[in-house]
Amino acid sequence: MDSSVSWRGRWPVLTLMVAPILAKIHLVLGVLKASPLLFDAGLTPTLTSGWLGLYPTIDPNIAFTSQALGRGAVKSMLTGGGLPWWNPYQGIGAPLAGEMQSAALFPPSLLLALPDGQLYMHLLLQIIAGIATYFLLRRLECPRGAALAGGLLFQFNGTFAWLATATVNPICFLPLMLLGVEIARDRAAAGQTGHWGTGHWGGWGLTGASLALSLYAGFPEVAYFNGLLAAAWTLTRLAGLERARMPSFLGRVAMGVVTGLALAAPALIAFFDYLPHAYLAQHGASFLGLALPASALVKLFFPYLHGLIHENAATAPFWADVGGYAGLLPMVLSLYALFGRTVRALRRMLAAWVAVTVAACYGLPGVATALSVLPGFAISAFYRYLPCTWEFALCVLSALALADLMDPLARRRPAAFWISAGIMAILLAGAFAVPQPPAVTVLVTPWHNWSLAFGLVLLAGWAWCRPWRASDDAATNDARVPLLAALVVAEALAYFIVPTLAYPRGAQLETAGIPFLREHLGLQRFHTLGPVEPNYGTYFQVAQINHNDLPLPAKWVSFVERRLDDNAAAGVFAHNRLRPDGPTAAENFLKNRATYEAVGVQYLVTKAEGDPFVRAYADVADAGANTPLKLQSGQRAGLTLTDPTLAGAALGGLSLMIGTGHGYADGMLAATVCSQGACAVGQASLKGAIDNHPFTITLAEPLPLGRETTVELNYDDAVYPLMLWSWPRATDGRVTVSYQGQALPDHTLKLQLSLAGQPPRVFEDAAMRVYELPNPRPYFTADGCVLAPQDRSHLVSDCPAATTLTRLELSMPGWRATVNSQPQTVAETEGLFQQITLPAGRSTVAFRFLPPYMPLGYGLFALGWLLLALTMGSPLRVWRRIAARANGLDGVPAPELAE
C-alpha cells in the first residue's frame, strides 16, 4: 500500500483521537481539577475557583448520579459483589442497574474506578463520537476534509460542552448506529449473497451493537430520541434504492434493532421491572406545556450572550432546562447544504428534523403536542434531551455544505449562498427581536459584546468564502474552504472550552470522616445535613439514608415525606429545602429523631462550621443603626417571636447580642420562655461575658414551641448595667421588643434559638461533625434469637423457637432468601422492610436480589450475541473494511475532492 495513501487515510482519525485530549489538556494534566468529588461532595472546606466562571456544567448530577452511583456500581463489581443489581448504600436500599443513570452495566463506566476516571470516560465518548461521525460522512461520499470537520463539530457539540451527566453517554452511538444503517443499505444495494457474515442477511451487527450500548449508557430518553432520528434516517435512505432491494435493507435494519434489544435485555428488564414501583416525578405525568422560553432562542446562536453557566441568577431558569446549543456557522452552513445535489432527501429530512425539534424545544405552539403522538415523547423532558439530535443533524449538514464548497462544480452557485445568508439574517433578526425578561434586559455582562464581536468575525469568514466565479483564481479559492472548515471548528471548540475553565484550581479534600463512619457504622446508616452529599455514600460504600436520584422507590419517597422530612423535595432527600420558609433539615431531624433511629440511622453528619441546631433571627432594617436598651439591676425587657415553622420543635436555650460595658456587667440574666401555654426558665451569670457578643442562656428543661413564643428577660443582682443591642426592625421582622413593659414595635433584637435534642458529637474534622444517636434499630432483629451477621446479606441465627427475622432493607419484587439453603418467602413488613420465618435452632440465612424475569434477560442476551456473531464474522476484518471504505481502498472509491 502506498504510504502516502495510508497516511491520508489515518491522519483524520488520529486528529479525532487527539483533539478532545488537547481541548481538555488542562484537566488531563491536573492544572484544573476535573473530579466533581472536589466541588459537589461537601468534603472540601477550601476550594480555589477556576480561571473562568462559577460552575463547569449545567447539571450537578455530574456528581450525584454519574460519578457517585456510577463509581459505586463499578466498585461493587470489582470487589466481588457481582453484577450491581442492588444498591444497599442509598436510602434503605434501591435498585442500581435498574435506576439507569448510574450506567452500572455500561462498559466505559469501568473507567470510573480510576482517579479522574469520569474525565477519561468522557474523552472516550467524544473520541467515539468524532470517529463514528467521520466514517459515516465518508460513507455519504464527503471528502476527508469535510468529514473531519463534521466529526470535530460533533465531538465538541453543545451537549458535550454543557452536560456531563449520563445524558451524554448515549450520544456517541448515534453516528455509530447510522453508520450501521448505511452499511446495511450498501449491502442491500449490492445484493450480495453468500455466508451469514457477509451475505444477504448480514450487515446488522454495527446497528445492533450501537443500539445496545445506547441503552446500557444510562439515559433512556436520549437513546429513545436517537432512535427516532435513526428511524427517520432509515426511511429517508430508502430513496435511491431499487424497490426490490428495499425489503432487504429494512430487514437488515430490523435485525439490527432486534439484536440490540436482545443484547440490552438485562438492562431493559431491570429498568422496566423497577418502573411500576418507582417514583418518577414529572416523568410520571407529562412535560407538554414545558419548554425553553422563546427569549432564549438567541442563545441558540450565541450561547454565552447573557453570561456563563450559573453566573447570574436572572438566567437560572434557562440553565436548569437547556440541553445544548447550535452555534452560528453550523446554522449558516446547514442552510447552504439545502441547495446541494447529493443525498437530497437526507438533507431535507435533517433540515426538517432540526426545524421541528428546535421548535418543540423552544415552545412553538402546537409542535410538542403534535409530536406527543409518538409513544413516550410527552413523558420525556424533550427540550433538554432532544438537542443532541439536532446538533448531530447540523453537523452532518455542515459537512455536506463543506463538501459542496469543495466541489468545483457545486460551489459555482452564488444564489444559494445569498439565499442561505438571507434566511440566516432573518433567523437572527427574529431571535434578537423576541423580548427578553426584564431581569435579563438589565443584565450587564462583558460576554454580551464579546459574543456579538465573535459572531461578526464568523459571519465575515463565511462571506469571504462565498462561492467563486470561473474567472477567480483557483488556488485562492481552494484555500478558502479549508479555512472556512477551520473557522467552523474553531467556533465549536471555543464554545466547548469555555466551561472547562470553571473547574477548580485546587481543593483541600477532607475524608477522615469516611473511615470513621465505615469503621463504626457496621450495618447501620448515617444521615447527612451537608458533607458526604446524597449518593456519595454509594461512592464510598458507606450506607447513607439520603438520596438525590430518579427513579426512586415510591414507597420510600412517600415514607420520607410523611415520617422523616416533609420539607425535602421528593427526589432530593438532603438539606435543600422545598419551602424556604419551612422547617430546616436539622429541625425535622430533631422532631423525627425516633423515626430516623427506627430505620437504622446511627450517625448524623453536619458541616464543621456553623450549627444546624441553631435558628438565627436578624431581621433588621439597618445593620449599622444599633442602639442599646440599658437594663439596670431589677429591670426587665421582653420579646415576641412569631415563626410558624418552629411548631413541633423544642427549645433548649437562646442567645442575644449584649454589651457589658467592657466587661463590667456582673448580674444574673434570667429568661422565662413561654409557648403554647407552657413555660420554661433559665438563667446565666454575666461575669466573664464578652462585650458585644452573643450571650447564651440554657433552659432548665426543653420547651415545645408553637407558632408564637414570648421571652421575658430579668436582670438582677447587679452593680453595673447591661446593654441589650437593638436594631430598627425590618417590615417583615419576626421579633418584636418590649422594654420595661412598653412595646417598641420598631425595634428588634438579634436572636438565636438552640433547639433541644441534639445528640452527642463523636467526631469532627475540617469538613464535618458526626453525632451519634443513642438508640438505632439493629439491621437484623428476631425476638429471642442470637444473631451473628456476616454482612448485609448473610447471617447465622440461633433461635429457641420459630420466629420471624426483620431486615431493614427495602422490600421489592426480586428479593430471595434461603434458610439452611432452602428457599424462603420474603414478606413485607411495616410497609417497607423485609421479613422471613426462622426455624428453631441454628440457621444460616442468605439474601439475594435479582430483578424478576432476569433469566429471560440472560437468555435474550445470549441470543443477541449469537445474532451479532452471525453478521459480524471477524470484528477486526469488519472494522478494516469500514476503514478501507473511508480511505477509498476497497474497490468502491471514496471521492478525493478535498485533496
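## Disulfides, aromatic pairs and cavities in a predicted model

C674 and C679 form a disulfide, with 1.9 Å between their sulfur atoms. The term covers a pair of cysteine sulfur atoms within 2.5 Å. This is a predicted model, where local features need pLDDT of at least 70, side-chain atom pairs count only at pLDDT 80 or more, and totals for chains, interfaces and linings use all residues. Residues are numbered from 1 along each chain as its sequence is written, and side-chain values use heavy atoms, with hydrogens and water left out.

**Cysteines**

The count comes to 2 disulfides. A disulfide is a covalent bond between the sulfur atoms of two cysteines. The table sets out both.

| Disulfide | Sulfur to sulfur | Angle about the S-S bond | Hand |
|---|---|---|---|
| C674 and C679 | 1.9 Å | 105° | right-handed |
| C785 and C799 | 2.0 Å | 115° | right-handed |

C785 lies in the loop between strand 26 (780-781) and strand 27 (786-789), and C799 lies in strand 28 (residues 794-799), so the bond ties together parts 14 residues apart in sequence. Strands here are DSSP runs of E, at least two residues long, and helices are runs of H or I, at least four long, both numbered from the N terminus. C785 and C799 are both buried. C679 counts as partly exposed, at 45% relative accessibility. Buried means under 20% relative accessible area, exposed over 50%, and partly exposed in between, with a 1.4 Å probe and protein chains only.

In sequence order, the bonded cysteines pair 1-2, 3-4. C142 is in no disulfide; its nearest cysteine sulfur, that of C395, is 12 Å away. C142 is buried at 0% relative accessibility.

**Aromatic rings**

The whole structure holds 37 aromatic pairs. Rings of Phe, Tyr and Trp (its six-membered ring) pair if their centres lie within 6.5 Å; planes under 30 degrees apart count as stacked, over 60 as edge-to-face and the rest as tilted. W86 and F849 make a tilted pair, 4.7 Å centre to centre with 50° between the planes. W86 lies in strand 2 (residues 86-87) and F849 in strand 34 (residues 841-849), so this pair ties together parts 763 residues apart in sequence. W86 is buried at 11% relative accessible area. F849 is buried, also at 11%.

The ring centres of F516 and F763 are 5.0 Å apart and their planes meet at 25°, so this pair is stacked. F516 is in helix 24 (residues 513-521) and F763 in strand 24 (residues 761-764), 247 residues apart. F516 is buried at 14%, and F763 is buried at 18%.

One aromatic cluster includes W162, Y304, F318 and Y325. K299 lies over the face of F318, 3.9 Å from the ring centre. R807 lies over the face of W815, at 4.5 Å. Such a charge has NZ of Lys or CZ of Arg within 6 Å of the ring centre and within 35 degrees of the ring normal.

**The largest cavity**

The largest cavity holds about 130 Å³ of space. A cavity is a set of points on a 1 Å grid over the protein atoms alone where a 1.4 Å probe fits but cannot get out; lining residues have an atom within 4 Å of a point. Its lining has 15 residues, with L153, N157, Y325, A326 and P330 nearest the centre. Helix 23 gives the largest share, 4 residues.

Terms used: On a 1 Å grid over the protein atoms alone, a cavity is a set of points where a 1.4 Å probe fits but cannot get out, and a pocket is an open set with protein on both sides within 12 Å along at least five of seven lines; lining residues have an atom within 4 Å of a point. Grid points are joined across faces, edges and corners, and a volume is the space filled by probe spheres set on the points.
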